[in-house]
Amino acid sequence: MTDCIFCKIIAGTIPSTKLYEDDDVLAFMDIGPLVHGHALVIPKAHYNLLMDTPDDVLAKVIAVVRRIARAQQAGLGADGVNIHQANGSTAGQVVGHLHVHVVPRFADDGHHWNWTPRPYADASEAAALAERIRAALLP
Ligand code: 5GP
Ligand code: ZN
């Protein structure tokens, strides 16, 4: 994809601080870190959404995500690691090339997720939504 910023990073026409690279996957430092040490892991093949990406590609990406997370623990002393992945602009996706955020966490990092639960009115509301999801499940 010629107009994709992450394809340009893969091609080397835009510089990046690389962490790991193989034939299928690239890991590099996020230019706008939520917490210092924040990394991105991407497939070298261009897919936009998680929902579009083949299982074998995802398997390679998630294996590198785990390696980076372990390296953030071992190399940076991270106390924890958050994995974040957005699909679609409504979900906050800005770059249309599948990417997984790997965010090292430290007790004093000052980052807080805006995670505000919105309880269901009653159990039947959750059950009805669950039924719609189950009915739409593909193999
Ligand atoms: P999204 O919001 O799409 O999930 O995240 C896109 C991420 O890509 C952001 O965290 C942003 O900082 C990062 N990013 C955008 N442009 C560049 C770039 O040119 N280089 C690097 N290293 N990261 C980028
Ligand atoms: Zn791309």
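**Ground rules.** The model is predicted, and I kept to its limits: local features need pLDDT of at least 70, side-chain atom pairs count only at pLDDT 80 or more, and totals for chains, interfaces and linings use all residues. Residues are numbered from 1 along each chain as its sequence is written, chains are lettered from A and ligands numbered from 1 in the order in which they are written, and side-chain values use heavy atoms, with hydrogens and water left out.

**Chain.** I took helices (H or I, at least four residues) and strands (E, at least two) as DSSP runs numbered from the N terminus. On that basis the protein chain has 3 helices and 5 strands, which run α-β-β-β-α-β-β-α from the N terminus on. Along its principal axes the C-alpha trace spans about 50 × 40 × 25 Å.

**Sheet.** I let two strands pair if DSSP finds at least two bridges between them. The 5 strands then form an open, antiparallel sheet in the order β1-β2-β3-β5-β4, with β1 (18-21) and β4 (80-84) as the edge strands, each pairing on one side only.

**Ligand contacts.** For polar contacts I used pairs of N or O atoms within 3.5 Å (within protein, one must be able to donate a hydrogen and the other to accept it, and residues adjacent in sequence count only if both atoms are side-chain atoms). A polar backbone atom of V94 is 2.7 Å from an oxygen atom of ligand 1, while for G32 the corresponding distance from a polar backbone atom to a ligand oxygen is 3.3 Å. I also noted a backbone N or O atom of V95 at 3.0 Å from an oxygen atom of ligand 1.
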